[in-house]
Amino acid sequence: MAPQENLSPDYRRLTGFLRSISLRLQLRSTLEFILLLASAFILVILGGLFIGRLKGPFSYFPFFYSLTAILFLSLVFLSGLWRCFSKPSLEQVARGLEGRFPQLRDDVINSLLLFQEIKKSAAPGQISEGLVKAQIGKTVRELSPIKPWQVVSLRGALRPLGLFLPLALAFFLVLASDPAFFNRSLALIIHPFSTWPLRETFLSLDPRGSIILRGSEMVFTAKATGYAPEKLILEVRPEGGRALHLPMDSEGQGRFRYRMASAQFSFQYQAQAGQSTSPSYHLRVVDPPEVTGVKLTLIPPEYTGLPREIRQDGHIEALKGTVVNLEAQTNKPLREARLVLNEGSPLALGVKEDRLKGSLIVFYPGSYSIRVKDGWGFENPNPVRYRIQLLPDQYPQAEIISPAQDLEVAGSEITPIVYSARDDFGITALRLNYQRGGREGFINLKSAPAGRSWGPETFQWDLTGLALTPGERVVTRLEVWDNDSISGPKVGYSRTLTLFVRDERDRAVKEVEEAQQIADAILDLLADHLEKTMDREELSQRLNQLSEQVDHHLQQVGEDKIQRYDLEALQRNLSSLNKRMEAEPKETVTREL
């Protein structure tokens, strides 16, 4: 029997075991290849989502992406085919087996090599067939408990599922939201030259729609990518009007600008360069909110008794403490409105469509303005500043009518004081204030509200209760309070009246001196008349002067003096003579004197 035939049964079992392992290796590589190729394909398809967005600024990017994707898929496919169809040799399988099961040592590879050596040997007997057969048999026995699936597990082929499953989930989600994306991405691979950029211009325009106030400045900026044009046109299409083509100014590097000094109407607009156009946008022009009318209802403080007043000009002229109810009309519905006092903290106003309501209390002069905001968030530019003017609440006034001047008194008589008082809204109290010797006293004349004016009234002031002494001085004046309940009652004062307490002895001497002066004046007048040194007109003037001197002396004489009657009789005689002097002869005038 040939030596190969003696070794064949064990060798066939050995090689059959190794070939089964090799087959499982190929099967695992095939499964891995399928999953990896599917994952790579899905990854390339999903990458096509971003190509459209990058095409504008990077016109050649889609083409390079297509080439890269084809190369990537080709490499994955070829490397997978090579792994699937490259069958490992028995020696490679044996080395791998021994590496996985160290207890085999080099028995498997040695069995294969020894068999090959016997097969190649030309002189039988150089290598002991018995030893080789024993080695192969030993190896087969060592491999008998090992199963092929223990050596090569097909579960390893499922490792690419960690990449494939998320990519597949993302693919189906995108496909559900955009069914056409698969065809677009697939076209990048099938027709890569379809993405080759032509002389195409891509235009972007800012702003991309806006709402502005009428008369506002508007600046449009455009950017051209791809083939950069030398000129760019801004097409403006007014609502219901003819389209306008406005040349834009070039700023270099594909950038253009157009400045519209004052936008007056709404329009659609887009940028144009030959056949290339930007997306079309809409510019809406709106009027700013404006306050068109202000109505004020002024409610004066209650103490004034004044009626309500309505003003239409917005300005406030009122007393302190006046409540102002404000109503305003605007040219459009509003979102909010505020009343700003003296540029201070704003006061919110009630808003209902295009009407405003609010109120404030006037305490200080200054100004106010109404700031409004419409539904677009635009405010009224340069709001009108209305003035706030406080009308003064005048101080009350008091007057001592009589005596008209300072008075000399005996100190024990009743002195009549004639007085009056008035205020613009009302008086609450009136009293007579007097001071003597550093001490102060009061006499209440009125202490209850009695309208806006009192008097003239007379107060009979009995000086006896003051126990005045000769030479003492009493200074007095009236004090009057108004009914101001906002700032507090204000007080007004009359002029000061001074009462001098005379000394009776000094007065008697003074009266004698004044009587002597009158007598001397009469004698002088008689002498001049007898000497004929004056005519009747001059005599009349001298009589008038003498009469005035008697009047003054009468004012200094008390009511109870006996000489008062003599002075009054003299006054009557002088007056009678002065009236009859023209008709009487000289002798009668001399006798009368």
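Patches here are built from residues with over 30% relative accessible area and no salt bridge, joining like charges within 9 Å and nonpolar side chains (Val, Leu, Ile, Met, Phe, Trp, Tyr) within 5 Å. A salt bridge is a side-chain nitrogen of Lys or Arg within 4 Å of a carboxyl oxygen of Asp or Glu. This is a predicted model, where local features need pLDDT of at least 70 and side-chain atom pairs count only at pLDDT 80 or more, while totals for chains, interfaces and linings use all residues. Residues are numbered from 1 along each chain as its sequence is written, and side-chain values use heavy atoms, leaving out hydrogens and water.

**View A. A nonpolar patch on the surface.** Ile361, Phe363, Tyr364 and Ile486 make it up, with about 410 Å² of accessible area together (Shrake-Rupley method, 1.4 Å probe, only the protein chains shown count as cover). Ile486 sits in the loop between strand E27 (473-482) and strand E28 (491-493); strands are DSSP runs of at least two residues, numbered from the N terminus.

**View B. The two faces of strand E1.** In E1 (residues 201-206), Thr201, Leu203 and Leu205 point to one face and are buried (under 20% relative accessible area, 1.4 Å probe, protein chains only). E1 runs antiparallel to strand E3 (residues 218-226), joined by six bridges, and Phe202 stands opposite Thr225 in E3.

**View C. An open sheet.** Five strands line up antiparallel as E12-E11-E14-E18-E17; strands pair if DSSP finds at least two bridges between them. E12 (309-311) and E17 (350-352) each have a single partner strand, so one side of each lacks a neighbour in the sheet.

Terms used. Helices (H or I, at least four residues) and strands (E, at least two) are DSSP runs, numbered from the N terminus. Buried means under 20% relative accessible area, exposed over 50%, partly exposed in between (1.4 Å probe, protein chains only).
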